[in-house]
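I opened the model and kept notes as I went. The entries below follow the order in which I looked things up.

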Number of protein chains: 2
Amino acid sequence: MWTITETDFAPRHRHHQETIFTIGNGYLCTRGAFEEGDPNDRRATFIHGVFDAAPIVVTELANAPDWLPLTVYAAGERFSLHSGRTADYAQTLDLRQGLLTRTVRWTAPSGRQLHLTFERFASLAEPHTLLLRCRVRPNFAGPIEFRAGLNGDTHNDGLLHWRHLEQRADPATGAVVLLNRTRSSGIDCATAMRLVTATGAELSRQYWDVDNRPALAVTVTGRPAEEIVLDKFVAVYTSRDVPAAEVAAHALAAVVAVPGWDAATAANRAAWAVEWGRTDVEIDGDPEAQIALRFNLFQMLIAAPRHDDRVNIGAKTLSGFGYRGHSFWDTEIFMLPLFTYTAPHIARNLLNYRYRLLPAARAKAAANGFEGAQFPWESADTGEEVTPTWVPDSHDRTRLVRIWTGDIEIHISADIAYAAYQFWQATGDDAWFAAQGAELILDTARFWASRAEWQAEAGRYEYNDVIGPDEYHDHVDNNVYTNHLAQWNLQTAQAVLPWLRAHAPERAAELTSSLDLTPTRLSHWQDVIDKIYLPATPEGVLEQFEGYFQRTEVDLAALEPRTKSVQELFGIEGANATQVLKQPDVLMLQYLLRKHFSDEVVRRNYAYYTPRTDHTFGSSLGPAIQAIMACEVGDPDEAYIHFIRGARADLRDVRGNAGDGIHGASAAGTWQTVVFGFGGLTFDAHGWRTQPRLPRHWQRLTFRFIYHGQPVTVELKNEPAPAD
Amino acid sequence: MWTITETDFAPRHRHHQETIFTIGNGYLCTRGAFEEGDPNDRRATFIHGVFDAAPIVVTELANAPDWLPLTVYAAGERFSLHSGRTADYAQTLDLRQGLLTRTVRWTAPSGRQLHLTFERFASLAEPHTLLLRCRVRPNFAGPIEFRAGLNGDTHNDGLLHWRHLEQRADPATGAVVLLNRTRSSGIDCATAMRLVTATGAELSRQYWDVDNRPALAVTVTGRPAEEIVLDKFVAVYTSRDVPAAEVAAHALAAVVAVPGWDAATAANRAAWAVEWGRTDVEIDGDPEAQIALRFNLFQMLIAAPRHDDRVNIGAKTLSGFGYRGHSFWDTEIFMLPLFTYTAPHIARNLLNYRYRLLPAARAKAAANGFEGAQFPWESADTGEEVTPTWVPDSHDRTRLVRIWTGDIEIHISADIAYAAYQFWQATGDDAWFAAQGAELILDTARFWASRAEWQAEAGRYEYNDVIGPDEYHDHVDNNVYTNHLAQWNLQTAQAVLPWLRAHAPERAAELTSSLDLTPTRLSHWQDVIDKIYLPATPEGVLEQFEGYFQRTEVDLAALEPRTKSVQELFGIEGANATQVLKQPDVLMLQYLLRKHFSDEVVRRNYAYYTPRTDHTFGSSLGPAIQAIMACEVGDPDEAYIHFIRGARADLRDVRGNAGDGIHGASAAGTWQTVVFGFGGLTFDAHGWRTQPRLPRHWQRLTFRFIYHGQPVTVELKNEPAPAD
């Protein structure tokens with residue numbers, strides 16, 4: 001249960017398969033494009049933090065120089081899946097060690113045959129090192145030529161991000177180094193390559209010094225049924241890693257230091273064993289759930305920055321062009337719990353990214369006339385807001401559509417505070433909290449207090465003209481999720497300050513001064529906490545936003561079977577006028593602040609909002625949380641339907657857009673469903689406990705977490721149902 | 001007086017110099033970028049009609065695969081102007097034969113020296129053939145290596161337009177062919193290359209088969225003071241020229257057919273002699289005017305399509321990225337007179353381009369609720385409107401600026417009709433007029449009649465909410481240029497129909513039916529002609545648009561010395577509120593419809609509008625016409641100031657944006673100033689006559705034109721001023 005395999009070479013599914021067969025190591029990821037190229041591929045390597053300016057989308061991860069190119073010639077005939085005939089095609093991703101293998105038997109137009117195997121991985125042990133092996137077994141005697149190159153002419157859907165600086169072949173080692181620089185952000189990237197004939201007799205070797213596409217051409221004597229093995233070792237450094245003047249030397253040194261395929265593979269496997277030892281979840285009785293969960297965890301593990309706290313994980317991880325590598329609340333609310341509880345060193349890197357970008361968040365708040373820290377809805381390298389403001393209408397190029405999320409989807413600032421607090425609670429890392437976490441909570445609280453609008457007549461504070469997580473409804477007033485999280489943020493800040501004074505008095509004094517935490521300000525915070533408007537019916541049903549109850553009811557069941565989202569069916573304005581939800585804000589809120597709501601209130605809200613939600617084509621963020629709340633109300637069967645929908649979202653390309661990259665929040669959300677939903681894991685002052693409510697066909701569930709530095713393994717079994 | 005030379009290698013002026021040293025042959029043009037590359041070059045080759053989609057600007061001429069790459073290695077050291085030392089640098093453009101020559105003496109870091117000469121031209125005799133020669137004289141004994149490539153990874157400021165299809169080396173001839181396809185419009189382009197060592201002994205030759213950058217590496221024995229000569233012959237075909245399946249074969253055949261440098265050069269020189277024999281203008285007594293005029297004529301000659309009537313000349317010709325290759329009224333009003341009177345076969349191609357795109361002009365009119373043909377303000381391959389509608393504000397990315405010219409700068413439809421009529425009058429080409437020209441005039445007349453708004457109360461027709469040539473003032477009512485030209489268009493259409501009935505009755509019947517030219521419609525046309533609103537003061541000063549006289553007067557002299565346009569100084573809205581003109585619509589009108597206005601009225605309008613015009617930093621279209629009208633009012637000294645400003649605009653980079661390409665209208669406008677202004681050439685029913693008013697320091701002016709098929713050479717001399 002550790003491998004994903006495809007045995008069909010289906011050109012029209014290539015983009016999906018490229019996403020699925022992405023490999024990586026938390027420094028970079030490379031999509032599963034073919035070494036030899038393919039006319040319509042979306043080949044890409046994304047390196048964390050290597051952003052460059054782009055029209056409309058502001059900035060995007062620059063598709064890095066391509067390290068994959070390797071073409072094979074059988075006595076002059078170029079191998080391609082589009083010429084001759086192919087048989088026994090298979091592509092396999094081994095999740096346990098991040099190894100992608102492709103095998104194919106190819107008959108050239110001349111009738112000559114090759115049996116080819118391509119293997120590749122990005123070393124988890126040596127994160128700047130990438131390895132590619134090509135094994136070829138001919139059925140004839142004749143020359144086998146390998147051409148292995150580097151390509152600096154990569155692009156993002158036609159947009160070039162790199163200039164060519166220089167390149168050279170190192171006379172001592174034969175290694176080739178290519179040097180590029182991003183066109184706008186000025187990041188230097190060195191890519192080095194070395195070619196080793198591991199098995200076979202080299203007839204000739206040439207260096208083709210073509211600008212921006214340096215290549216090595218190696219010819220090996222082919223004999224019938226004898227395997228030739230060629231290894232391509234690659235190393236990558238950017239000026240984000242080392243000084244710009246040293247990137248080439250570092251890449252060259254790293255590629256020369258590769259100890260050979262077997263040793264590098266062993267080191268990589270060992271590094272992966274550590275990761276899985278911390279992260280793996282075992283499910284007995286449900287093979288699809290088992291492999292899907294591991295696949296989703298793998299996607300998180302290859303995207304997670306281990307050695308860099310200046311980067312974050314994009315909504316589509318590092319696996320595709322979607323959302324341009326920008327990070328959203330997806331990180332804090334969907335991905336961070338996984339890392340907080342299984343790899344706190346990664347969670348800390350991700351939170352420090354936000355901490356480092358507090359100055360930009362303060363600038364955003366100030367530009368909007370507020371105090372404190374207002375984090376951007378979409379975030380890249382600088383922490384500036386990078387949400388596009390106007391995008392072309394797909395139907396009419398003279399029209400533009402205004403994107404408002406960057407202006408008014410403000411809940412992200414509370415989400416970040418929430419994740420910081422959760423990390424502190426889970427790790428007990430007081431030093432980090434005093435140095436970084438507390439400031440995140442206090443400065444977002446300052447924002448919330450200044451953003452609250454006092455309505456004298458009603459005697460209450462309001463947050464008006466916002467967008468909640470449910471993006472079908474925009475420009476709403478008093479969104480229940482936003483208002484409750486803002487209140488929580490302020491309450492938590494009130495509690496943080498006394499703690500700091502008791503445990504880190506110098507830091508408390510520092511922050512009191514720098515954040516101007518005067519008694520007047522704190523008293524204003526308390527006033528907002530006490531008088532924030534939190535509308536609900538007498539029965540405890542929370543109104544998602546003011547006026548929601550008056551929107552048109554839609555019988556979603558009557559629309560089935562559907563193939564489109566409600567927004568696509570009704571239009572943006574049409575969907576806005578209905579009660580249909582892209583995802584249920586109230587359930588999301590009750591998941592995060594579970595203890596604020598009684599079981600009965602949770603049940604009532606679940607019953608009210610569940611039939612009003614576009615579960616199938618709404619937000620990909622929905623199913624994981626919907627499943628958890630189904631567990632909370634005691635319906636694990638219903639929970640399983642949502643869980644499996646989320647778990648298979650990318651593997652089965654349920655939404656048809658997996659070619660743009662992995663749905664990161666959904667992938668990480670499935671772990672939360674399993675652990676907090678089916679496992680019922682909770683924490684309180686006394687520690688942790690589980691309240692299992694496993695799907696009935698699961699025999700056993702084993703998961704791991706770390707609590708206050710202590711690794712814990714939990715094994716839960718379904719008791720056999722009592723015989724009737 | 002036939003060469004432009006620069007002897008300074010100034011990196012910060014490179015983009016300007018690349019524009020100035022553009023070569024071409026009316027099929028394509030190539031900017032004066034260096035063969036060996038330069039880090040910040042804007043290297044480009046533009047092929048007529050090869051457009052591809054681009055964000056915001058809709059479509060643009062795709063920078064074609066690069067045929068220039070040629071690097072030279074002196075015993076392993078790569079020649080570059082940025083390494084070692086350079087001396088005796090000079091770049092020379094020989095206008096008489098379109099030949100660009102660069103010479104430099106280069107001392108490598110090791111101390112070895114090369115004397116290098118690069119020559120290139122695009123053959124005017126064989127328009128698909130491009131030739132490049134490199135002559136190298138070393139001061140040492142050792143290998144000289146030449147690497148000559150083709151590069152399909154070209155881009156427009158970072159945007160890739162080409163996919164790589166395939167490439168190969170022809171075993172019989174050693175020629176290399178590269179095949180690319182535009183990403184969106186699907187145009188195939190084959191570029192073929194052949195390398196010939198004309199002088200020297202080849203030591204080795206390799207083909208480097210790197211995808212999209214095929215290269216030949218040739219090493220020649222170098223001996224002190226002995227010259228090596230290497231020729232790179234290139235041929236280009238696109239699927240606009242021949243069927244897509246045949247582009248590679250055509251390019252290969254063409255490159256193989258190149259007869260050698262000397263023979264190709266002779267053929268090219270002969271072809272150029274014919275062009276100059278038709279076009280040249282000689283000015284004695286003013287060397288700067290002489291060379292500037294020839295330079296401007298050269299720019300027109302290399303941009304003019306000789307073998308294709310599906311393309312037009314862009315506002316920046318084929319010499320830069322500015323305006324993306326889009327065509328404006330610049331063609332009809334500024335460039336066409338040059339071709340109409342010196343190369344009617346070229347003028348006919350340009351007019352047929354409009355004729356072919358009548359269906360798109362009809363669609364634009366219909367989409368706006370009008371009848372007839374409304375031509376696009378910016379036009380590319382399909383004739384659709386390609387003016388950008390919204391462009392990002394350069395100061396604030398969250399704001400967008402609306403560009404209105406594509407919606408309401410409607411005078412272009414009359415400008416096209418005017419040029420068609422002028423061509424007919426000048427050539428007497430009745431067959432063309434019956435088949436094409438008449439329909440252009442009749443269908444634009446239909447547009448003008450339906451676009452006219454009847455104001456019952458005032459008893460007049462108006463054209464409201466338009467932009468005239470003076471773009472400082474937009475959304476104006478009853479622009480004098482637009483209204484007069486519309487009236488002229490309708491009047492001319494009324495005259496065309498009887499002529500057609502008399503001389504081409506079948507065509508008359510055809511058009512009467514297809515354009516629905518009923519008596520009712522013709523009577524409505526007459527009604528518009530009679531009742532169009534044409535405001536003027538009792539003294540005959542035309543009001544540029546309704547309310548112009550009420551705008552704020554600005555003392556332009558008081559703002560001197562300026563370095564910015566009035567629009568930059570006052571802002572878009574600020575300039576709009578003043579009387580300051582980017583160019584004077586009334587003078588433009590009186591130039592085109594000279595016989596409609598008495599000398600006295602012309603004088604009064606000239607006196608009124610001249611001091612209100614931003615001559616230095618307003619429109620680059622202004623000086624040529626201002627100069628002609630200065631001649632008309634008897635002030636050749638004042639005329640010369642405007643003339644020379646326009647003539648040197650690109651050579652001296654007066655506006656600082658020549659790096660974006662040649663100002664085509666200005667370049668062609670200088671010819672009109674000389675011929676119609678200083679020469680005073682006019683035509684009437686009896687033929688042509690001149691009314692010379694030469695600048696006083698000109699001793700002699702000789703120009704050529706063709707009238708009704710008859711070539712005429714006019715020589716005008718300044719009579720010596722009578723002694724006091």
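Which residues in helix 15 of chain A meet which residues in helix 17 of chain A? I found A:Leu587, A:Met588, A:Gln590 and A:Tyr591 in helix 15 of chain A meeting A:Ile625, A:Gln626, A:Ile628 and A:Met629 in helix 17 of chain A. I counted a contact where C-beta atoms, placed from the backbone, lie within 7 Å. By class, these residues are six nonpolar, two polar and no charged. Nonpolar here is Ala, Val, Leu, Ile, Met, Phe, Trp, Tyr, Cys and Pro; charged is Asp, Glu, Lys and Arg; the others, Gly among them, are polar.

Before going on, I noted the ground rules. This is a predicted model, where local features need pLDDT of at least 70, side-chain atom pairs count only at pLDDT 80 or more, and totals for chains, interfaces and linings use all residues. Residues are numbered from 1 along each chain as its sequence is written, and chains are lettered from A and ligands numbered from 1 in the order in which they are written.

Next I checked the whole of chain A. I read off 19 helices and 30 strands. These are DSSP runs, numbered from the N terminus: helices are H or I with at least four residues, strands E with at least two. The C-alpha trace spans about 90 × 70 × 60 Å along its principal axes. Of the contacts in chain A between residues at least 6 apart in sequence, 67% join residues at least 24 apart.

Last, I looked at the contact between chains. Chain B gives 17 residues and chain A gives 17 residues. On chain B, that side has nine nonpolar, five polar and three charged residues.

Terms used: Two residues are in contact if their C-beta atoms, placed from the backbone, lie within 7 Å.
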